Amino acid sequence: MNKTYLQKLEYNKIIEQLEKNCVTYIGKDLSKSLVPSFEKSEVEKMLNETNEAVSVLYKASSAPIQEIANITEYLKILESGGTLTLKGILDLTKILNIANNLKIYFLQDFINKEEYLILANLFDVLYTNKDIIEKISKTVIDENTIADEASSKLSTIRRNLRKQESNIKAALNGVLQKNAKYIQDNIVTIRNDRFVIPVKEEYRSQIKGLVHDISSTGATVFIEPLSVFELNNEINNLKIEEKLEIEKIIRDLSNLFIPYTEQLAIDSSTIGTLDFIFAKAKLSKNLKAICPKINDDKYFNLKNVKHPLLEQSKAVPINVYAGEVNLNNNNTEAQNKQNDFSSLIITGPNTGGKTVTLKTVGLIHLMACSGLNIPADESSSIYVFDNIFADIGDDQSIADSLSTFSSHMLNIVDIINNATSNSLILVDELGSGTDPLEGANLAISILEHFKNLGAITIATTHYQELKKYAITNNGFENASVEFDIDTLSPTYKLLIGIPGKSNAFEISKKLGLDESIINRASSLLNSKDVEFETVLKNIYDDKIELEKEKEKINQNLEEIEALKISLSNQNDEKTRKAQNIINNAKQEARQILLDAKEDADEIIKRLNDSQSSKEANNLRNELNSKIKETGNFENSPVVDNTKTISKSEIKPDLKVFVTTLNQEGIVLTNVSKSNEVLVQIGNMKMNVDIKYLQRIEKSSNNEANAKTRNDFKIENKNKTKTNTKSTVSYNISKARNINSEINVIGENVLDATMLIDKFLDDAVMAKLPTIRIVHGKGTGKLRAGIHEYLKSNPHVKNYRVGTYGEGEMGVTIVELK
C-alpha cells in the first residue's frame, strides 16, 4: 500500500500509540515495521493473536516483560570463545530470568493453554536455566562487583586484604599521633593506590618516606612513610591476586552461557514478540476495542464506531456501512432489509464531521488488517480489501506548480490506474477547486467509473448535483452529517439515506447577516432548486424525528429488559429461600439421626463380647437407611433455583452448595485447568467440578426447622421404645461368615461411606483384624472421600493404600481396633 495513503489516514499515529505500549526495543521495532496485510488468512491470524493476548491480559494482568539489552554482540563474543563483561553476564541472565517469569505467568491454573494455541507456541519455545540464574545471583552483585562468595580463593584474598588495610591504617594513625604538629589533616588517604598521610609542605623533611602527590595549592604533600612501605606492597600484591581471580571467575561465568547461545537468541526474539503482541492487547484495552468479524461478501458494517485517535470518552460514535449489508439479525423477510450500494455520498456543512467519517472508515480497516482491534460494537464487520486509497486533504504546492484541483486530480488518476473491484476508495471534496458545474459533472463521471469497476467508494461533497444523482441512480446512497441550527454546531452524527444541507442562509442569519441580503440571495436561486432544498429539509427533519423516536424506543426496551430480569431474580430468590428452608430442616433431621446412630454404635460395641444382637443390627440398618434418605435432597419436590456460579466468581473462602452431595461447603482453592476446585464439607475435603457448584445465601426458617427436628425426635424415640421391647437374640452365623472385602466402585462418596460404615460394624462384630476396601483409581475423588471418613471412624486403627499385588492406588487396607 502506498505510504502516502497511510499518512493521509494518520496510520502513523496509531503506530506511535502502539509503540508506547511496548517495553522492549524489539517490540518497538516490530511496531514501527507493522503494515496492513490484505490477505484474509494473515489478517485472521493477527487478530486471533491479539484476541488471545487480550483474554490473558484480563485474566492475569500484564505479562512480566522488562526492557532487555541487544545481546547480538554478546553472542558473537561467546561463539568466538571470548569472555563477557559483568554487564553482559547480567544482561544474558536477565533474559533467562524474564523467560522463567513468563513461563510461570502462562502456566497459572486459571489459564488453559488449549484456549491460547498461538501464545502457547511462543511461551513453549522460551528457554530458562534456573541453575545459571541462581549461580549468577549469588556471584555477581552488580555490573562492577563480584561477591566474596564467588570462590573460596577470592573470599580468602579479600579477607586478607581487609586485614592488611586495617593494619596499615593502624600503623599510619600511629604516625599521625606522633607527628601531629607536622600533619595538615588527621586523616589517612590514598594516592596512586597506596596509603599516605597529608603533611604540611614546610615539614616534609620531618617525615621519612616517599612523596606521591602535592596539593593544588602546594601547601600539602602526601607522603608514604617508610614504616608502611612493605604493608602497601603486600596490599598491592593482594589486589593483583584479586584481579586475576575475578578475571577467572568472569571467564567461568561466561563459559556457562556458551552451550546456550542459540536458546538465548530465541529467548530474546520471543520476549520481543510477546511484548509486541501484548502491546496490541494493551492498546485494545485502552480503546475498549473489539475483534471485528471478517466477511467474504465485500461489505463493511461499523456499529457505534469511534475514531481511534480521538479521546474515546468524548468521541461521538457513528454507524456507517456500504455494500450488501444485512442490517437486521431477524429472519423475517419483511424485517430483513438489504442495503445494496457501493458508493456513499456524504454531504453537509463544513466542520460537520464528513472528513472524520472518511478517516474513521479508512483507519479502522487499516487497524483491523494490521491485527489491531477496533473501537466499535461486537457485531461490527469488515471486509479485507486488496487496497485502500484515500484522497484527503489539500496537497497544493507552489514549488511544484500544483493547484488544489491539480493535486486532487493527480491522486484520482493514481487511484483510477491502480484500483480494482476489491478496493476501498475514500475521496474528500471530489471535484472541488474548479468551476462548480464542470467539477460536479467530473465528480459524477469519476464515481460512475468506480461503481462500474465494483469498488466500494465513500465521497464527500457540497455539490447538489451529486445529491440528486445519488437519489436517482442505483448503487449510490446519500448520507449527511447532522447540524444543530440553534447552536450553530455539528452533532457529528451520520445519517445514511438522507442528503445533507449546507444551511448557508440559516447560519448566516444566525450570525447576524442582514436579512435583506439573505432574501436577495434566496430570490436568485432557481425555483426547482428551492423546491428540491425544501423537500430535502422536510426529509431531513422527518429523519431527525425518527432517530429521536428510535432512541426513545431503544431506551424503553432496555428498561423493560432490566425490569424483566429484576422480576425473574425476585422469583428465583423466593424459590431459593423455600428450598433452603427445606434443606436446612433435613440437615438438622439428619444430624439427629446421626446422633442416634452413635448411640446405636455404642450399644453394638458393648454387645460385641456376646456376638451382638439381631435387634441391634436391625436398629443400625434402619438408622443408616434413614440417614441416607434424609441426605438425598435430589428428590425434593421443590426445584433448586440457587444461581449457578461463573468461573470468574469462584474464589477461596466462597460458600457454595455442592449439588452432587447436597451439602454446603467452603471453596479452598482457585479453579484448576480441569475446572475443579478443592471444597471443604465438614471435616472432609474433596475436588469438585465447578458445574456442580451453586451460589448460596444465608436463609433460615426457625419454625420449620424446629418442627422438622421435633418430628424426627418423636419418631426416633418411638422406634427406640419398640426396639427395646423386642426379644434379644444372636446372629452368630452372620458375623462369622462376613467377607473381609467390600467393593464400592461406581458409588458416590456419600453412598460409599454409608456402605462402608455398615460393613465396618459387621467386621468389628466378626472380630476381623483387617478389611479391604476396593474403590478403584479413577480421578481419586472417591478414594479421598473414603480416607476422610476413615480418619474419624472409631473402629479404625489405621489405614493405607494397597501395595504391589494388593491393588495399589485402587484399594485401601484398613486395620481395625
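Lys758 is partly exposed, with a relative accessible area of 27%, where partly exposed denotes values between buried (under 20%) and exposed (over 50%), computed with a 1.4 Å probe on protein chains only.

The model is predicted, with local features requiring pLDDT of at least 70 and side-chain atom pairs pLDDT 80 or more, whereas totals for chains, interfaces and linings use all residues. Residues are numbered from 1 along each chain as its sequence is written, and side-chain values use heavy atoms, without hydrogens and water.

The structure holds 27 salt bridges in total. In helix 4, Lys40 and Glu44 are likewise four residues apart, about one helical turn, and their closest N and O atoms lie 3.9 Å from each other. Both are partly exposed, Lys40 at 29% relative accessibility and Glu44 at 32%. A further salt bridge links Arg191 and Asp213 at 3.1 Å, N to O. Arg191 lies in strand 3 (residues 189–191) and Asp213 in strand 5 (residues 209–214), so this pair ties together parts that are 22 residues apart in sequence. Arg191 has a relative accessible area of 25%, and Asp213 one of 31%.

The protein chain comprises 23 helices and 26 strands, and 44% of its 817 residues count as buried. Among contacts (heavy atoms within 4.5 Å) with a separation of 6 or more, 69% involve residues 24 or more positions apart.

Helix 7 (residues 117–125) has Leu119, Ala120, Leu122 and Phe123 as its buried residues. Seen down the helix axis, these fall within an arc of 165 degrees, so they line one face of helix 7; the arc is that of the directions from the axis to the C-beta atoms. Leu117 and Asn121 are exposed on the other side. The buried residues of helix 7 pack against helix 4 (40–60), helix 6 (86–106) and helix 11 (261–287).

The largest nonpolar core has 105 residues, and those with the most contacts inside it are Leu119 and Phe300. Such a core is a set of buried Ala, Val, Leu, Ile, Met, Phe, Trp, Tyr and Cys residues joined through side-chain atoms within 4.5 Å. Another core, of 36 residues, lies apart from it and includes Ile681, Met686, Ala763 and Ile771. Beyond residues up to four places away in sequence, Phe300 touches residues including Val320, Tyr321, His365, Phe385 and Ile458.

Ala479, in strand 16 (residues 476–484), is buried at 0% relative accessibility. Residues up to four places away in sequence aside, Ala479 touches residues including Leu344, Ile346, Leu494, Ile496 and Gly500. Ala479 and Ala459, 20 residues apart in sequence, are separated by 9.9 Å in space, C-alpha to C-alpha.

Methods:
Helices (H or I, at least four residues) and strands (E, at least two) are DSSP runs, numbered from the N terminus. A salt bridge is a side-chain nitrogen of Lys or Arg within 4 Å of a carboxyl oxygen of Asp or Glu.
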